[in-house]
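Biologist: Could you take me through one part of this model in detail? I'd like to hear about the helix packing.

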Amino acid sequence: MNTFYVTTPIYYANSLPHLGHLYTMIVGDTIARAKRQRWIETYFLTGTDEHGINIERAAQKAGRTPQEQADYVVSYYKKMTSEFGLDTAHGGYDIFMRTTEPFHQQGVSEFWRRVSKAKTPKGNAAIYKGHYEGWFCAACAAYKTEDEYHKPKNEGDPPACLVHDTPLDRVSEESYFFRLSDYDEALLSVFESRPDFVRPEYRRNEVISFVRGGLQDLSISRLKTSVSWGVPVPDDPAHTMYVWFDALTNYITAIGFGNEERQKAVGFEKFWPALHLVGKDILRFHAVYWPAFLIAADIELPRAIVAHGMWLDPNGRKMSKTIGNTVELDVLNKYFSTDAIRYFCLREMVFGQDGRFGYEGLIDRANSDLASGWGNLSSRTLTMIARYCDSRIPSGLIPEDKLLLAKRTGVDTDETTVAGFIEHARDQFVHHLDNLAFSKALETAWSVVARVDKMITDAKPWDLAKDENQKQTLGVVLYRAAESLRWLSVLLYPVMPEASAAIWKQLGLGGSPAQLDPTQLKWGELKESAPIGDVQPVFPRMDKAKIISEITSDKTEPSTVAPGPADTTAPVVHATQADAVGVTSFIEIDDFAKVDLRVGQVLTAERVPKADKLLLLKVDLGEEQPRQILAGIAQYYEPEQLIGRKVVIVANLKPRKLRGFESQGMVVAASYGEEGRPVIATFTEDVPNGARLK
Ligand code: MSP
């Protein structure tokens, strides 16, 4: 059956939505619209994750019950999805899933029962009762191993989570365990046989190394006396299900697993398996735990798990309320069109990698690509049709007897030239969108904008209009531009639904670009003589200085969206492990000056044959020749992750030979944990190659 199911994560109901949440919804919404446009019956899920200790605590702090807390946060999510055109009323999600829905609780109980009856691939019971002893981060809703927390400075204090820098909870209690350790081979064979199962590839490799590193059984329940806000374990109500077990299952309960009513309304078999969109921080839950649970329950695995990067501020720092570098949804909503935000998010972030988001960058892109790009192409074309062609679509053909005349103006008389270009671009665009390469898809669409713009500028319709003999030549140029606009409206509809519909209407077309399959577009279907609509600018230019100054003064006023007492989990800046390391001996500045540290950029990176740990790098230090440098980081970095990256090099280290290669310097990296995991030092601002660190 021609169906598709796409999901965003379901968001914790302890704090209010922010840009990161909006982003995944925009991605999901774009995918859903693109599929629907191609007549694929699509189901798009988003929602909230409402159980667990973190929500319980946020509620307590705010003086609410956990349910009131969840309702409160959901009201902000609903406000966001409505304001940004992502809800059902705007053609967006099909379900806003809430894990407190009774049908979900029914479904997840059924799922638990299935798993608890299962045998692992190694013939053991998939779920068993045991005793859990260890550390738990409420904010991550995850158990933490030693390399995942900072050791306390004072003996007796709890360690702190590496992600949130908040104290961990000590858990020592009876617990049900999922025998994850028995699923390593089964999971590895899935990753092996389905290379697209976890994407992008470098994330897949991380997941594979994690599984190869050995899996530990997972505690999947808490005593009700410790965590009461959750789904009771079937037949043992003294236990509450682990919130991730509960939350992940939402993807199947939403469409009917374990519940008749949902099954009738949606249909599990009809839509499963799903494409899961997740942030890289929650990949392990989706790519390891979830498939293992599904294997146990004998349910087909997801279609794919695709991890995106994080939005950072324009300087590459993590967004944080403490630093004051967050992007506020109410500011976005007040100053920017939804389409401009969607375009920016999809164009600016290379899907999978981290991206940088700032109001200035958003205004720059909106002005250059939208107002001066697509918007300008549309208004100049339509204004000329209004002026020179009496507001009717001109003919796209030059009569035989006018061919020579047309040729003299330099206008291409062969209509297949533009048609061929746009058809090729359409194929590329659709291919990129199918591969979730949004940024590339948009680059391709903009190559059409540039091509058509150039065609107009070269043909100078304003001069052709002065010569009655060139009326047809003028018409042909404008027809080609208008037909290209029709194609662009169809292609860009999933990314910018409002603007596409507006341009569509201005072209005088009926129906909606939402209903046209881009792969079925045929050049020349724009009808000659049809009247165009009212011409209006679709993307007005934004006055950057004015808007930035207004945003800045807004910031100093109290926020229009009251953050509410529940908004307690703003991301915090990480303390590094080095903070905890006491300095034991001091050096003089002259000692330090002996080390020549330079900025370098990795040009190439490859593995060294028969050396598991080594990568061979070519690094540009701004010298005549790039340096050849060996780095013992191959177990932690994929070569392609490093290409283009700015690094710090010890440039005056005596060259030495390793495995037959001369290493002409050393890459600087932090090293942490017992195994000395390296994290390469880098820069968040632009800096030229060869600059000295001092
Ligand atoms: N409740 C879990 C998910 C359960 S799914 C069965 C959860 N919720 S969350 O609210 O903390 O985060 C949800 C998503 O927001 C994650 O995918 C995370 O990556 C994403 N983002 C949070 N901050 C972000 C940015 N700054 N940029 C992009 N996405 C970010 O985890």
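In which sort of crossing, left-handed or right-handed, does α14 pass α19?

Modeller: Bear in mind that this is a predicted model. As for your pair, α14 goes past α19 in a left-handed crossing. Helix α14 covers residues 359-388 and helix α19 covers residues 471-492; their axes come within 10 Å and cross at roughly 140 degrees. Angles over 145 would count as roughly antiparallel, so at roughly 140 degrees α14 is oblique to α19. On the α14 side, the contact is made by W374, L377, S378, T381, M384, I385 and Y388. Facing them from α19 are K471, L474, L478, A481, A482, L485, L488, S489 and L492. Sort the residues of this contact by class and you get twelve nonpolar, three polar and one charged.

Now look at what else α19 packs against. Helix α16, residues 416-434, lies alongside with its axis 11 Å from that of α19, at an angle of about 5 degrees. That angle is why α16 counts as roughly parallel to α19. Here α16 brings V418, I422, E423, R426 and F429, while α19 brings R480, S484, W487, L491 and L492. By class, the contact of α16 with α19 has six nonpolar, one polar and three charged residues.

How values were computed: Residues are numbered from 1 along each chain as its sequence is written. This is a predicted model: local features need pLDDT of at least 70, side-chain atom pairs count only at pLDDT 80 or more; totals for chains, interfaces and linings use all residues. Side-chain values use heavy atoms; hydrogens and water are left out. Axes are lines fitted to C-alpha atoms, for helices over the stretch in contact, and angles run from 0 to 180 degrees between N-to-C directions. Helices (H or I, at least four residues) and strands (E, at least two) are DSSP runs, numbered from the N terminus. Angles under 35 degrees count as roughly parallel, over 145 as roughly antiparallel, 65 to 115 as roughly perpendicular and the rest as oblique. A crossing is left-handed if the near helix is turned anticlockwise from the far one by less than a right angle, and right-handed if clockwise. Contact means heavy atoms within 4.5 Å. Ala, Val, Leu, Ile, Met, Phe, Trp, Tyr, Cys and Pro count as nonpolar, Asp, Glu, Lys and Arg as charged, and the others, Gly among them, as polar.
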